[in-house]
Amino acid sequence: MPNGVTGKRPRVPWNQTNSNWQGVTLPVYMAYCSIAAALRPWNRIERKFIATLVFKEDYYQPIYSQAAQVFAMEIWKSSDWETYIFEWSNSPFRDQSLAEKNGRGIFLSPPGYRLTDDERLFSDIVIEIEPRSPEHARAALRRAELPVDEKLVELLISEPWPRLHSAFQDRRGPLQALERLRRETARLKRIADQTATHSGPTLEDMHGLGPAVDWGHNLAKDLADYKNGLIGWNDVDAGVLLSGPPGIGKTLFASALANSCKVPIIYGSVSKWQEAGALDAHLKAMRASFKQARDKAPSILFIDEFDTLGKRTTSDRNAGYHNGVVAGALEQLDGFERREGVVVVAACNHPRLVDAALLRAGRLDRHLELMLPDGPSRRGILKFHTGIELSSADAELFEFATEGFSGAEIERLVRDARRAARRQADCFSAIHIIDQLPVLEKLPEDYLRVIAAHEAGHALVGFEVGHEVSGITISKWLVSGQRRVLGNVDSKLPQVRARTKTTYLDTIAIFLAGIAAEMEVFGTFADGASGSSEADLNRATDLATMVEGTNGMGRTLAVEVPDPEEFARMRLYNPELREQVHGLLESELARTRSIIQRQRPALDALVEILMVSPTMTGEEVVQVLQSNRRSVVSLAKAQLRTGT
Ligand code: ADP
Ligand code: ZN
């Protein structure tokens, strides 16, 4: 360390000719002020006394003993200060006899030291030393001929003594020392701020967890009010069951919740408790988690795999065990006094497996179901893990290719992409993410046209029979090896009304409209409209089965109990029913095709627009249809109005 004092500057920062003042630094002078103030009545040259200075707080031996030394040398005129200054300890005999021999001494009694009666008796004065004050700091600054700046004063009375001691040293000027101190303090504050903001995600960082995040924000407010005594624990919404598939972010959400609420989180897990063994050990482990949370209250207790707790039962071979565990959990959850200050966030995959008693009022009476993230949320999750914002073209690809991904799956994709970038010795970027996506094939134009015509058909017929059309999307890509819905159109009845036969027939017509449009435009239809229970033809067939077989709306009123799983069997074993279903579908297909024939220009207009922009809103669709349709009185509408 270079010597900071130049030859021109006096070694002692203030004009004090007495050599006792040599090396008295700014913090030592502050301490001196406290001691001098306490000992003022005894402050006469060569007066003999033994004093005990009692420190309740703010004590630092190197500083105060040096300050006491300055005081002692001023009145006792000796350079041998060590014979005068002592610290009370558990074996004070040598010090005591030395002080007694000299008739002089200043004993320091550190915070926490219990003075004995003998030690009090031994001292002429026992006096408490006040902690340093702004006044002392100002005096020290004046002495050092520094500006009496309130920020410096604040620094001098708030910095811990050891830090002041390290900063201010004899060989350094006080200005230089202050500068070092200030810089170091700013650095520490920066680190503290950084660790505070990087200590983990908050609710703001969570994407795709909609209702849970809203609930979390409310809880954060409740907890803040509770901590400030504005509301009681009863008013805090303190129990929630989160459900959703694995990897959807339940655990991550709980930790973000704790960060946002600024409370500690305790992680419990039913399977961990279970590992403890027999019922007794299991219950003990469970109670320990709750106790840990209570000890840190207000806190969040996260309980994973809550559905494995099981339900109370009488039939099961393990009934005794499960009943015992559930009863144990009820005991812990019950009554606000038992868990005052503890918010319980339980997570599970299968909420139906949770015993209903655990979900009653006052326990986990709120159930939040987490859904797989939608497209924009998936992009948000990607950004959370990478900080990367995709270009709009990449975003479209990403959203399409990651349909059905959970947060954990997106994280895995990011990990793979980072690894690939490392292998290529590349800087990680959006390219690596796009490279990791499932392989996409761009649909050829003529295929795209088939899909556009199909979806436009649904939209057109929906509109013609009086449904509200809420938008169309078609996809330009195919994910290799995946059977995916490539287009989508939503429509619904404009208002709730009793479902008549017309309602059913119109809905069947809408389901058939996709293939009807393909037939009108291309003379044939592709296989996308059948095969799965969600496919157009399958749904139309089931609806027709309901009309004929279970609703009494067809040729017979003799019906069966409606059970979608049974429809196929009903048709198989009832040839007459099958015949009726067939007839109904045929006549509805004919009606649908005639609607499309009549409004072909409107259908073609929709197709052309979809070929250019694959997503249309409901209003856009309606606008195109209205401006291109031929005005004929729709049969379907006439029927709807009469309500037959
Ligand atoms: P769960 O508890 O529902 O099984 P986790 O919370 O353990 O799911 O999620 C596993 C990992 O997946 C997390 O560590 C995180 O990296 C990622 N993840 C899940 N959901 C999200 C999300 N919404 N945002 C960001 N990352 C997520
Ligand atoms: Zn369709």
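**Close-up views of a predicted model**

**View 1. Secondary-structure elements around the second largest pocket.** In this predicted model, four elements each supply at least two residues of the lining of the second largest pocket: the helices α14 (375–386) and α15 (392–401), and the strands β11 (468–474) and β13 (487–492). The volume of this pocket is about 480 Å³. Its lining comprises 20 residues. Nearest the pocket centre lie F400, E403, T473, I474 and S475. By class, seven lining residues are nonpolar, six are polar and seven are charged.

**View 2. Domains 3 and 4 at the second largest pocket.** Domain 3 spans 375–437 and domain 4 spans 445–628. Both give residues to the lining, so the second largest pocket lies between them.

**View 3. The open sheet that contains β11 and β13.** Three strands form an open sheet in the order β13-β11-β14, and the pairing is antiparallel. β13 and β14 (615–617) are the edge strands, each pairing on one side only. On average, neighbouring strands of this sheet are turned by 10 degrees against each other, direction ignored.

**View 4. Pairing of β11 with β14.** Three bridges join β11 and β14 in the antiparallel sense. Here I472 stands opposite M616 in β14.

**View 5. Helix α24 on the strands.** Helix α24, made of residues 618–628, lies across β11 and β14. α24 runs at about 85 degrees to β14.

**View 6. The largest cavity.** Two cavities of 30 Å³ or more are found in a search of the whole structure. The largest cavity has a volume of about 40 Å³. R379, K383, I388, E389 and L390 line this cavity. Its lining has two nonpolar and three charged residues, with no polar residue.

**View 7. The second largest cavity.** This cavity holds about 30 Å³ of space. Its lining is formed by W273, M286, F290, I303, F306, L309, A329 and L333. The eight lining residues are nonpolar; no polar and no charged residue takes part.

Definitions and conventions. Residues are numbered from 1 along each chain as its sequence is written. Chains are lettered from A and ligands numbered from 1 in the order in which they are written. This is a predicted model: local features need pLDDT of at least 70, side-chain atom pairs count only at pLDDT 80 or more; totals for chains, interfaces and linings use all residues. Side-chain values use heavy atoms; hydrogens and water are left out. On a 1 Å grid over the protein atoms alone, a cavity is a set of points where a 1.4 Å probe fits but cannot get out, and a pocket is an open set with protein on both sides within 12 Å along at least five of seven lines; lining residues have an atom within 4 Å of a point. Grid points are joined across faces, edges and corners, and a volume is the space filled by probe spheres set on the points. Ala, Val, Leu, Ile, Met, Phe, Trp, Tyr, Cys and Pro count as nonpolar, Asp, Glu, Lys and Arg as charged, and the others, Gly among them, as polar. Domain bounds come from an automatic or database domain assignment. Two strands pair if DSSP finds at least two bridges between them. Axes are lines fitted to C-alpha atoms, for helices over the stretch in contact, and angles run from 0 to 180 degrees between N-to-C directions. Contact means heavy atoms within 4.5 Å.
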